[in-house]
Amino acid sequence: CLHIAAAFNYYEMVKLLLDVDVLDIDVVDYKLKTPLTTAAFRGKKASVELLVSRGADLTKTDIQGDMAVQNAVLSCYVRAMGVGRDEPETVGSDDHGLSPIIDELQRNMQTGDDGEDKAAAISCFLVQRGSDVYQRNDSGRNAIDLAQHPLTRERLKQHYRKRVPESECQLAQERHCSEGHFM
């Protein structure tokens with residue numbers, strides 16, 4: 001129930017389900033996706049912001065080892081392939097001002113592609129709140145590797161550097177490069 005509400009951005013339903021406090025906010029489905037990873041993958045800004053504000057675990061991984069930040073990065077590429085284009089607008093759709101932090105991030109992305117900007121904004125929001133852009137999935141790829149637009153990659157790194165002490169950030173980057181990936 002919480003997965004469906006988050007996936008379709010039924011903001012009031014997500015809020016109600018969290019308010020009654022009978023559900024585990026990090027409950028997983030058959031693909032090990034939490035409501036947060038589902039909302040991030042589907043690009044549902046209001047649901048992402050609400051779930052994070054209520055304490056959703058940013059480090060939970062799905063069956064492919066992807067965290068919410070990786071799912072968010074992937075969301076615009078999935079949309080570009082036509083998945084989810086026919087979804088109806090919902091009561092909690094993103095244009096109702098329910099995601100002020102992510103909306104502000106999105107206005108500052110400026111990649112020239114609305115889908116890319118939304119995915120980057122959600123990803124950067126998750127990084128600001130504690131996601132690790134260098135955490136690898138089961139395929140050995142992290143959020144920076146998965147981002148196809150150079151500006152998105154740079155913004156992810158910038159938000160990570162703002163949150164993580166410089167020494168720790170440098171270690172993560174060195175680990176990333178030593179594993180055969182380049183910045």
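Analyst: In this predicted model, a nonpolar patch on the surface is formed by Tyr10, Met13, Leu16, Val20, Val22 and Leu23, and together these residues present about 530 Å² of accessible area. One member, Val20, sits in the loop that runs between α2 (11–19) and α3 (35–41). With a relative accessible area of 45%, Val20 is classed as partly exposed, because that class covers values between 20% and 50%.

The loop between α2 and α3 also holds Lys33, whose setting is another matter. Its relative accessible area is 13%, so Lys33 counts as buried, the cut-off for that class being under 20%. Which residues surround Lys33, apart from its neighbours within four places in sequence? They are His3, Val27, Val28, Thr38, Asp62 and Asn71.

Lys33 and Asp62 are separated by 29 residues in sequence, yet their C-alpha atoms lie 4.8 Å apart in space. The two form a salt bridge, with 2.9 Å between the closest N and O atoms. Because Lys33 belongs to the loop between α2 and α3 while Asp62 belongs to the loop between α4 (45–53) and α5 (68–80), the pair ties together parts that are 29 residues apart in sequence. Asp62, at a relative accessible area of 4%, is buried, as is Lys33 at 13%. As a general point, side chains of opposite charge can pair when their charged atoms come close.

Another of them joins Asp103 to Lys45, with the closest N and O atoms 2.7 Å apart. Here Asp103 lies in helix α6 (residues 100–107) and Lys45 in helix α4, so the bridge ties together parts that are 58 residues apart in sequence. Asp103 has a relative accessible area of 14% and is therefore buried; Lys45 counts as buried at 7% relative accessibility.

Helix α6 also carries a pair within its own length. Glu104 and Arg107 both lie in this helix, three residues apart, which is about one turn of the helix. Their salt bridge has its closest N and O atoms at 2.9 Å. Glu104 is partly exposed at 38% relative accessibility, whereas Arg107, at a relative accessible area of 54%, is exposed. Elsewhere, salt bridges with shared partners join Lys15, Asp19 and Arg54 into one network.

In soluble globular proteins, nonpolar side chains tend to be buried together. The largest nonpolar core in this model comprises 45 residues, and those with the most contacts inside it are Val14, Leu36, Val48, Leu51, Leu126, Val133 and Leu156. Helix α7 (residues 114–128) supplies the largest share of this core, eight residues.

Leaving aside neighbours within four places in sequence, Val133 is in contact with Val127, Asn142, Ala143, Ile144, Leu156 and Tyr160. Of these partners, Leu156 is itself listed among the residues with the most contacts inside the core. Asn142 is placed in the loop between α7 and α8 (143–146). Is Asn142 buried or exposed? Its relative accessible area is 0%, so Asn142 is buried. A polar atom of the Asn142 side chain lies 2.8 Å from the backbone nitrogen of Asp145.

From the N terminus on, its elements run α-α-α-α-α-α-α-α-α-α. The protein chain has 183 residues, of which 50% are buried. Among contacts between residues at least 6 apart in sequence, 68% join residues at least 24 apart; the pairing of Lys33 with Asp62 spans 29 residues. Finally, the accessible surface of the chain comes to about 9000 Å², with 52% of it belonging to carbon and sulfur atoms, and the patch that includes Val20 accounts for about 530 Å² of accessible area.

Terms used
Residues are numbered from 1 along each chain as its sequence is written. This is a predicted model: local features need pLDDT of at least 70, side-chain atom pairs count only at pLDDT 80 or more; totals for chains, interfaces and linings use all residues. Side-chain values use heavy atoms; hydrogens and water are left out. A nonpolar core is a set of buried Ala, Val, Leu, Ile, Met, Phe, Trp, Tyr and Cys residues joined through side-chain atoms within 4.5 Å. Buried means under 20% relative accessible area, exposed over 50%, partly exposed in between (1.4 Å probe, protein chains only). Helices (H or I, at least four residues) and strands (E, at least two) are DSSP runs, numbered from the N terminus. Contact means heavy atoms within 4.5 Å. Patches are made of residues with over 30% relative accessible area and no salt bridge: like charges are joined within 9 Å, nonpolar side chains (Val, Leu, Ile, Met, Phe, Trp, Tyr) within 5 Å. Accessible areas come from the Shrake-Rupley method with a 1.4 Å probe; for residues, only the protein chains shown count as cover. A salt bridge is a side-chain nitrogen of Lys or Arg within 4 Å of a carboxyl oxygen of Asp or Glu. A polar contact is a pair of N or O atoms within 3.5 Å; within protein, one must be able to donate a hydrogen and the other to accept it, and residues adjacent in sequence count only if both atoms are side-chain atoms.
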